[in-house]
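Please consult the sequence and structure shown below.

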Amino acid sequence: MNIKTPKIDRRSFMVGTAAVGSGLVLGLRLPFGPSVVRAQDGSPEITAWVVIRPDDTVVIRIARSEMGQGTLTGLAQMVAEELECDWSKVTTEYPTPGTSVARKRAWGNFSTGGSRGIRESNEYVRKGGATARMMLVQAAANGWSVPAAECSAANSVITHKPTGRTTTYGKVAEAAAKLTPPADAPLKDPKDWKIIGKSVKRLDTMGKLTGAQVYGADLKLPGMLNAAIKDCPVFGGTVKSFEAAKVTGMPGVRHVVPVGDSAVAVVADTWWEAKTALDALPIVWDEGPNAQVSSATIAQVLKEGLDASQAFVRNQNGDAKAAIAAAAKKVEAVYAYPFQNHAPMEPMNATARYTADRCEVWAPTQNGEAAFAATVAASGLPADKCEVYKINLGGGFGRRVFHDYLTQAVLIAKQIPGTPVKLLWSREEDMTHGRYHPVMQAKLTGALDAGGNLTGLHVRLSGQSILAAVLPQNLQDGRDNLVFQGLDPSGDFAFGYTIPNLTIDHAMRNTHVPPGFWRGVNINQNAIFVECFMDELAKSAGQDPLEFRRKLMGKHPKHLAVLNAVADRAGWGKPAPTGVYRGLAQMMSFGSYVAACAEVSVAGDKVKVQRIVAATDPGYAVNPGQIERQIAGSFVYGLSGLFMEECTVKNGRIEQENFHTYDSMRLAQMPKVESIIMPSGGFWGGVGEPTICVAAPAVLNAYFAATGKPIRTFPLKNHGIQMV
Amino acid sequence: MARMTVNGKSLEVNANPSTPLLWVIREQAGLTGTKYGCGIAQCGACTVHLDGAAVRSCVVPLAAADGKQVTTIEGLAAGGTLHKVQAAWLEFQVPQCGYCQSGMIMAAAALLKDKPKPTDADIDAGITNICRCGTFQQVREAIHAAAKA
């Protein structure tokens, strides 16, 4: 059959939250009365962040998505701290993006990427808690006809200090909800925190132990059908034709439908029936203009960029070129970092129900507002006829900030009006239709003087820009500043070394493979480039890698502090156990200062990472126990990437289809991770991503110390190296 | 028609005998605690107990489960009391996103049945599930703790 569907520009569905926040909200009526805003169960909302039920249950609203990183519990701790509520009575709920839009973004940004959950919303969620506390106290004071200043609140109990009278939040919630919120709600001094800074247990564990937690893939709706999908294996290709008649008689099959211009879905009673029929469905692809592209042709394009005369300069001082020309010793190294897939354990999925006047979507998403915008765009309905319900995510790692799978689900549901359809990707679809870690090469050239001092450094990056592909409006005069994470002159990704002559620049070389934000994003390869090169420079200068770094870090005390912390704890400078070698790395990443010291032993091609000491200074540590788990977890993700993970391109498509060719670390390979959490206060850094970037260079530097061989292309499996 | 017992309840399944047990559990029995991760027995998210032994249900055809006892994550806790592995998981705050943890817990429970006091080497060999959140350090600690419980 011939497919006649409108041309779909996938990128148009990545509508940013700015569009949601401004245009779409216009024309919506607030579906709430003038006095008390109520939660679905009728309980009064004190502020947008706090609902108090009559039984004293405290419902804290969380706008960011919980995908394992612990933001749900951490944000609840922040609200609860200022609310002075009983922590044992706290529960959480997600406001829906449609409601947020209708209420002029009452909950702010929903985006859950870039380790920004706590670091970017800490102030306004604490204010939400503090404001609610003041209103509850005022309501109690009004009831007693006493000044609010005579009352105090603790553990959800309000006390009138002069008389000792008490009441509870649940009892005064109705009255509090009717009050005008105070203009300002001062926040506590961090030294007075009681819940922030404590390793309280996560609020969301029990359902994960019993199978009760419902992830997107588990959702069941009455009358729901299940869809399996195949998108053109070559990015940019389209469907030429498919023979639906060959599978329409197979068990359970209800519909065979085109999805946009590049995909076909089978919709059946069960997903297994849908997938079985899809596997049997003859599809002819028009592979488009990219069908001849391979990893080798892409590498060639990037290689040219290493010496190209034009490049975007991000960080420059002095004259690196002259310093290198005048060097007593010039050191040069070229690195290459591959495409990588996020491969969250739960494959992409979304459920949609469409009628002519309503479109509802249930989706695991890292950004409820972007999911909402994608729903509006794909459904073609006005915003006030759309809604998105966030469902638990089985991992995200940056993949679920993109909503290609959601768009597909809506496009399928539109063809079966009134019937909810759950679209679930196979692992193969997930592996071959990712938003891949961008491919990048780098040439680093260093100048050493006769005394072994680093007098000049040129870091030339050559490779793919994520922003150019997905958020071109965020480029600055064509330059992608995100490429330089960890190499910036200042800010949340500040370079930690002072070098008299420095140039860091980027030759943008884009590919047809869609790039995305992969946990840590560009700092992963930048940390490898710079921190491994530092060890090569130190060796050329005949110096200890720690001492070599320290000489360059005098003006970067927070970078230096975490580096010193891991060196001290690991016993740097003291003999390691026999056969064990150490390597160091440090970076500033998503607003936090991070460092690692790895201990590695090497036996032929077998590498055992014995131990990693890690340090982070995130400014404030909201839940230290959870930070420890994220540090150890980030090392699993990062070291899986270093040792095993590469997506190669052949005939325009990704070759790896499942975990047998795209492996991931197992328990036996896990090093002992020791974490030093050293919050120095005064700033808010991230947690989920920052530490991932130091694992790989620390291990590589330990391998370099053990073997004298620097490795500059990844993953290590390509060198025959096996992680044991 | 195949018959099996799932978490103590009998289940009659009218599906193609090649249908993987995973999808029988999820879509016929309606128990979604057992997860799909890869479909090729690589990741272990679909681990259940078949006549008491841990299996990766995504590659076990329905025909091979006919007449057998299946225990899924929903059936691990007996009479509302968490299994000692689940209790240790709670104590050590193992799950992050949690998606792989049903399989991880079922694999750990089977390991402890075979080896009530496992060594680190036993745990290395017995727990080969993929966890992208990287909970392995806590998994190891929790298994040792469960062995002492």
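How many residues does helix 17 of chain A have, and what distance does helix 17 reach from its first C-alpha to its last?

## Helix 17 of chain A

In this predicted model, helix 17 of chain A covers residues 624-643, which amounts to 20 residues. From first C-alpha to last, the helix reaches 28 Å, close to the 28 Å expected at 1.5 Å a residue. Because 18 of its 20 residues are buried, helix 17 of chain A is largely enclosed by the rest of the structure.

## Domains of chain A

Chain A is divided into domain 1 (31-200), domain 2 (216-289 + 348-424) and domain 3 (295-340 + 435-723). The centres of domain 1 and domain 3 of chain A, taken over C-alpha atoms, are separated by 40 Å.

Between these two domains, 18 residues of domain 1 of chain A are in contact with 19 residues of domain 3 of chain A. On the domain 1 side, the elements giving two or more residues are helix 2 (71-83) and helix 4 (117-144) of chain A. Helix 2 of chain A gives the most, with four residues. This side of domain 1 comprises five nonpolar, eleven polar and two charged residues.

## Contacts between chains B and A

In the contacts between the chains, 47 residues of chain B meet 44 residues of chain A. On the chain B side, at least two residues each are supplied by helix 1 (21-27), helix 3 (84-91), helix 4 (101-114), helix 5 (120-126) and helix 6 (136-148) of chain B. Helix 6 of chain B provides the largest share, five residues. The side of chain B that touches chain A divides into 23 nonpolar, 19 polar and five charged residues.

Terms used: Residues numbered from 1 in each chain as written. Chains lettered and ligands numbered in written order. Predicted model: local features only at pLDDT ≥ 70, side-chain atom pairs only at ≥ 80, totals over all residues. Expected span 1.5 Å × (residues − 1). Buried ≥ 20, exposed ≤ 12 C-beta atoms within 10 Å, placed from the backbone. Domains from an automatic or database assignment. Contact = placed C-beta atoms within 7 Å. Nonpolar A, V, L, I, M, F, W, Y, C, P; charged D, E, K, R; others polar.
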